Amino acid sequence: MTEHTTGPVVTAGALRPRRLRRTPALRRLVAENRVTASDLVLPLFVKESLDAPSPLTSMPGVDQHTLDSVRRAAAAAVEAGVGGLMLFGIPAVRDARGSAADDPDGILNRTLAVLRADLGAGTVLMADLCLDEFTDHGHCGVLTTDGTVDNDATLLRYQQMALAQAAAGADLLGTSGMMDGQVGAVRAALDDSGDVDTGIFAYAAKYASSFYGPFREAVDSALQGDRRTYQQNPANRTEAMREIALDIAEGADLIMVKPAMSYLDIVADAAAVADVPVAAYQVSGEYSMIEAAGAHGWIDRDRAIVETVTSIKRAGAQIILTYWATELATRLLPGTSH
Ligand code: PBG
């Protein structure tokens with residue numbers, strides 16, 4: 001015995017968790033979660049009126065693409081092993097009903113067709129199925145005469161969009177508008193057209209979040225006001241379970257929680273109850289905050305990126321949408337050591 005008589009004395013080996021943290025090799029061996037390239041989905045913005053890619057001020061490193069440049073970005077992501085692509089289109093002309101959304105020659109549907117031809121079945125192609133990028137008022141649906149979003153009239157537009165996106169080659173349709181009944185309506189439209197293969201990636205628990213701020217620049221959003229009559233209140237947790245249960249009952253093939261970082265409790269709840277794959281979307285504001293703080297030298301950007309995506313996976317998301325998908329796959333994940 002030594003002379004130590006004061007303070008706690010750790011004796012039993014089992015009481016020493018630090019033993020497994022001693023070297024990078026030990027830490028790697030016992031890591032409970034690990035993000036791989038195929039878990040990741042890269043969101044991409046394609047803007048019809050551009051003749052060169054246009055960098056986003058509020059999302060350094062992210063561009064609005066032309067049809068040409070999106071092909072290169074998509075090919076790079078696929079080459080890096082990223083699991084899939086989520087496409088957003090920004091049309092040259094907007095109107096109250098979002099006519100460009102279901103036009104086969106509209107920018108989103110053309111992009112889907114071009115990427116499908118380029119990439120074959122080599123990646124999972126997904127598209128945002130929502131009207132906000134296409135309407136002149138910027139809401140996710142069509143409006144009644146008093147200016148509120150008309151749920152059931154919007155469902156008809158979503159059905160038309162679904163058929164157009166499926167025809168253009170989407171594997172999965174990202175129903176992101178938070179209209180009641182949207183998953184059932186889209187499934188019925190696909191089934192009625194004889195399409196049993198195209199799946200629905202339901203933004204099931206989607207919150208009215210300030211973290212979508214930079215996305216407004218990314219899609220040149222025309223929105224005045226907010227989406228609080230259709231997206232969820234950040235105060236609510238139980239309600240997310242109701243939204244998820246409804247979407248699964250209506251035929252969702254995968255579900256998503258959005259945003260990710262402030263909603264990891266919802267991700268964990270979703271993973272506990274859902275019998276379909278669960279995804280989380282690390283949204284524009286989450287990206288911009290880390291880029292901005294990293295650029296100031298206030299946080300270690302690379303470590304923060306890996307830490308956040310790992311946390312999202314740890315919470316229970318099997319799939320993560322992130323604007324860093326290609327960089328993670330090519331540079332950050334292979335080099336990960338803790
Ligand atoms: C709706 C949609 C939005 C995002 C994805 N799909 C905007 C919104 O709901 O207001 C946000 C994504 C992000 O912020 O990165 N079309």
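## Close-up views of side-chain contacts

View 1. At a relative accessibility of 31%, R110 counts as partly exposed. This is a predicted model, so please read each view with that in mind. E48 is partly exposed too, with a relative accessible area of 31%. The side chains of R110 and E48 form a salt bridge, with an N to O distance of 3.6 Å. R110 belongs to helix α3 (residues 107-119), while E48 sits in the loop between β1 and β2 (54-55), so the contact ties together parts that are 62 residues apart in sequence.

**View 2. D39 meets K313.** Here the side chains of D39 and K313 join in a salt bridge of 2.7 Å, N to O. This pair links distant parts of the chain: D39 lies in the loop between α1 (24-29) and β1 (40-47), and K313 in helix α10 (residues 301-315), 274 residues apart. With a relative accessible area of 11%, D39 is buried, because buried means under 20%.

View 3. D265 and R237 make a salt bridge through their side chains (4.0 Å, N to O). The two residues come from distant parts of the chain, with D265 in helix α8 (residues 264-273) and R237 in the loop between α6 (213-218) and α7 (238-250), 28 residues apart. D265 counts as partly exposed at 32% relative accessibility, and R237 counts as partly exposed at 43%. Across the whole structure, a search finds 17 salt bridges.

**View 4. Y281 pairs with Y323.** The structure holds 9 aromatic pairs. One of them, formed by Y281 and Y323, is tilted, with 6.1 Å centre to centre and 50° between the planes. Y281 is in strand β9 (residues 278-281) and Y323 in the loop between β10 (319-321) and α11 (325-332), so the pair links distant parts of the chain, 42 residues apart. Y281 is buried at a relative accessible area of 1%, and Y323 also counts as buried, at 8% relative accessibility.

View 5. Step back from the Y281 and Y323 pair to find one aromatic cluster made of F45, F88, Y203, F215, Y281, Y287, Y323 and W324. The charged end of K258 sits over the ring of Y281, 4.7 Å from the ring centre. That charged end of K258 also sits over the ring of Y212, 4.8 Å from its centre.

How values were computed:
Residues numbered from 1 in each chain as written. Predicted model: local features only at pLDDT ≥ 70, side-chain atom pairs only at ≥ 80, totals over all residues. Heavy atoms only, no water. Phe/Tyr/Trp six-rings, centres within 6.5 Å; stacked < 30°, edge-to-face > 60°. Helix = DSSP H or I, 4+ residues; strand = E, 2+ residues; numbered from the N terminus. Buried < 20%, exposed > 50% of the residue type's maximum accessible area, 1.4 Å probe, protein only. Lys NZ or Arg CZ within 6 Å of the ring centre and 35° of its normal.
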